[in-house]
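Please walk through the model below in a viewer, one selection at a time. Each stop says what to select and what is found there.

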Amino acid sequence: MTRLIAFLGALVLATQIQAAELGDDGLHKAPWMRDTFKDLSEDLEEATAEGKRLMVIIEQCGCIYCKKMHEEVFVVPEIAQYIEDNFFVVQINMFGDVEVTDFDGTSLPEKDMVRRWGALFTPNIYFFPKEVSEGVSASQAAVANMPGAFGRWTTLNMLTWVVEEGYDSDEPFQKYHARKFESQKN
């Protein structure tokens, strides 16, 4: 019995370590993240073609909250699978130099684009509609924003709310989450 518990503990630890693997840029890399040219209009087009929603996650090297999300939340099988099935995820480095092209055609290094969008915290997740009007920036086009680290249920419920287009309903996310969480906590 002791060996079984030790084995299961090692398995959980190995899964968490694998899920929190760091890339050459010092950011966490999840299997559901896409390596793109960071042209948001192209990324949105590709996401739509796959029947998925575009999600942009801003992170930074050494972020303890990004680490928490990758080691405690994104590794929950239900959440990882939901992201894989429903989202096209593009990662932006808060202090990076890779060129990003916004929906309005503005191209800037990641760090300048993040500043343009007004993102102050990491992780910071922007969710986008299926179509974005011409001439708007990502921060204007986002249907929801998740600034910071949140727990399992808040994260899952935000993902679900976006996919269900709850932002177009009369029920704000906070009420949606409270309603859903009542059944989830049991």
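Start by selecting R53, which lies in strand β2, residues 53-59. The model is a predicted one, and the values at each stop are computed from it. Colour by accessibility: R53 has 4% relative accessibility, so it counts as buried, the cut-off being under 20%.

Next, show what surrounds R53. Setting aside neighbours within four places in sequence, R53 is in contact with A47, N86, F87, F88, F128, P129, K130, V143, V162, V163, E165 and Y167. Then pick Y167 and show side chains. The side chains of R53 and Y167 make a polar contact at 2.7 Å.

Now move to a helix pair. Select helix α7, residues 152-163, and helix α8, residues 173-184. Two packed helices are described by the angle between their axes and the distance between the axes. Here the angle is about 120 degrees and the axes are 10 Å apart. At that angle, α7 counts as oblique to α8. The crossing of α7 and α8 is right-handed.

Which residues in α7 and α8 meet? On the α7 side, select W153, T154, L156, N157, M158, T160 and W161. On the α8 side, select F173, Y176, H177, K180, F181 and Q184. Colour this contact by residue class: seven residues are nonpolar, five are polar and one is charged.

Key:
Residues numbered from 1 in each chain as written. Predicted model: local features only at pLDDT ≥ 70, side-chain atom pairs only at ≥ 80, totals over all residues. Heavy atoms only, no water. Helix = DSSP H or I, 4+ residues; strand = E, 2+ residues; numbered from the N terminus. Buried < 20%, exposed > 50% of the residue type's maximum accessible area, 1.4 Å probe, protein only. Contact = heavy atoms within 4.5 Å. Polar contact = N/O pair within 3.5 Å; in protein donor to acceptor, adjacent residues only side chain to side chain. Axes fitted to C-alpha atoms, helices over the stretch in contact; angles between N-to-C directions. Parallel < 35°, antiparallel > 145°, perpendicular 65-115°, else oblique. Left-handed = near helix turned anticlockwise from the far one by under 90°. Nonpolar A, V, L, I, M, F, W, Y, C, P; charged D, E, K, R; others polar.
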